[in-house]
Amino acid sequence: MHLSNGPNTTTVLTKNLAEDMEARQRGAFTFVIFSFLAIYAYGKCPSNLPLEIGGECFRLQTDLFTYSQAKDNCETLADFSTIVSYMTKVPDKLAHQIKDFIYSKLEKTYVWIGFKTDDTDLNKPIEEREWSFHFDDSTVIQKDYEVWAEPPTDSLLTCAVINGSQDFNVLAVDCGGPRLPVVCMKKSDKCHDDNKPYLVYGDYCLLAVNIALEYNKIEGTCKPDAPTPVKDKEMKKYVVNAVMNSFLGGGVFVGVTKIESIYLFGSRLVPKALWGEGEPRQNYACAGLALQMDGSVKLRTLSCDAKAASLCHILV
């Protein structure tokens with residue numbers, strides 16, 4: 001076969017091979033780009049931003065930081081990563097993750113409430129013992145107290161805690177035994193403290209202090225206020241809500257800050273539907289997502305200097 005008048009065979013093969021390799025490279029490049037986009041489109045978020053919502057990647061940061069530290073932390077997680085800068089509602093998936101984190105902590109939770117008995121009259125039946133609340137020195141007869149997990153039968157158990165494993169009912173314990181957190185309550189009407197991030201729960205102003213304390217240290221920890229009394233079932237539910245949110249540091253910081261009297265989410269006004277009941281209270285200049293009494297997750301004002309959880313978002 002005579003090929004002298006046509007293109008050189010080697011040249012043709014080389015050209016075809018080059019075109020084939022170029023096509024393969026374009027295909028590989030397209031595949032890489034598609035795969036990168038698919039990470040976000042199909043929920044395969046990077047391990048440090050593992051929460052996929054609507055094709056975008058988030059992280060519920062449960063280590064506690066101040067607001068400025070939370071912002072800095074979010075920016076270290078990935079290129080274009082930042083604290084969440086806007087939302088119109090709390091996605092169900094995020095609300096579930098926040099609540100799942102809280103509920104995972106409850107079973108092992110015990111908290112001092114400033115409830116004790118000094119009634120050691122051995123001639124008196126144990127169910128007739130008188131117990132008192134540190135908050136106001138009010139008293140209750142043991143058998144008349146309605147929120148016992150189990151009415152105490154051991155006369156040596158003279159202090160009490162709320163018990164997470166038993167629906168946060170009250171359990172008698174040895175005063176010198178466990179070291180536990182305490183819930184404090186402000187005695188003044190104004191629920192604001194520059195040094196302690198008190199928050200409103202119903203008609204009460206509460207602060208769950210998550211450090212291990214001996215019973216004889218709780219009064220000084222709460223001073224000038226006092227350990228929170230749990231006098232009945234109605235009061236208990238607010239104390240429990242405060243304890244639950246304490247695992248978040250009071251809430252989950254997002255990019256809400258106050259300028260004068262206006263709260264902005266990034267550069268926009270905070271949607272009214274995002275605020276919890278009674279919010280914004282103007283007490284503090286930042287805000288975070290917190291568990292509400294009705295089980296929803298909405299915004300509440302927080303001190304920017306409080307140490308709280310935070311929500312990060314990768315911008316793509």
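Keep in mind that the model you're looking at is predicted. Cys159 is joined by a disulfide to Cys175, with 1.9 Å from S to S. The link between Cys159 and Cys175 is right-handed, with 100° about the S-S bond. Since Cys159 sits in strand E7 (residues 159-163) and Cys175 in the loop between strand E8 (169-173) and strand E9 (180-185), the pair ties together parts that are 16 residues apart in sequence. Cys175 has a relative accessible area of 18%, and because buried means under 20%, Cys175 still counts as buried.

Now zoom out for a moment. The protein has 316 residues, 45% of them buried, and its secondary structure comes to five helices and 18 strands. Take the contacts between residues at least 6 apart in sequence: 64% of these join residues at least 24 apart.

How many disulfides does a search of the whole structure find? It turns up six. Number the bonded cysteines in sequence order and the pairing reads 1-2, 3-12, 4-5, 6-9, 7-8, 10-11.

One of the six links Cys74 and Cys312, whose sulfur atoms are 2.0 Å apart. Cys74 belongs to helix H2 (residues 67-75) and Cys312 to strand E18 (residues 308-314), so this bond ties together parts that are 238 residues apart in sequence. The torsion about its S-S bond is about -75°, which makes the Cys74 and Cys312 disulfide left-handed. Cys74 is buried, at 0% relative accessibility, and Cys312 is buried with a relative accessible area of 0%.

Another disulfide pairs Cys184 with Cys222, the sulfur atoms again 2.0 Å apart. With a torsion of about -75° about the S-S bond, this link is left-handed.

Last stop: Glu279, which you'll find in the loop between strand E15 (268-269) and strand E16 (286-291). Is Glu279 buried or exposed? Its relative accessibility is 13%, so Glu279 counts as buried. Leaving aside residues up to four places away in sequence, Glu279 touches Leu299, Arg300 and Thr301.

Key. Residues numbered from 1 in each chain as written. Predicted model: local features only at pLDDT ≥ 70, side-chain atom pairs only at ≥ 80, totals over all residues. Heavy atoms only, no water. Helix = DSSP H or I, 4+ residues; strand = E, 2+ residues; numbered from the N terminus. Buried < 20%, exposed > 50% of the residue type's maximum accessible area, 1.4 Å probe, protein only. Contact = heavy atoms within 4.5 Å. Disulfide = S-S within 2.5 Å.
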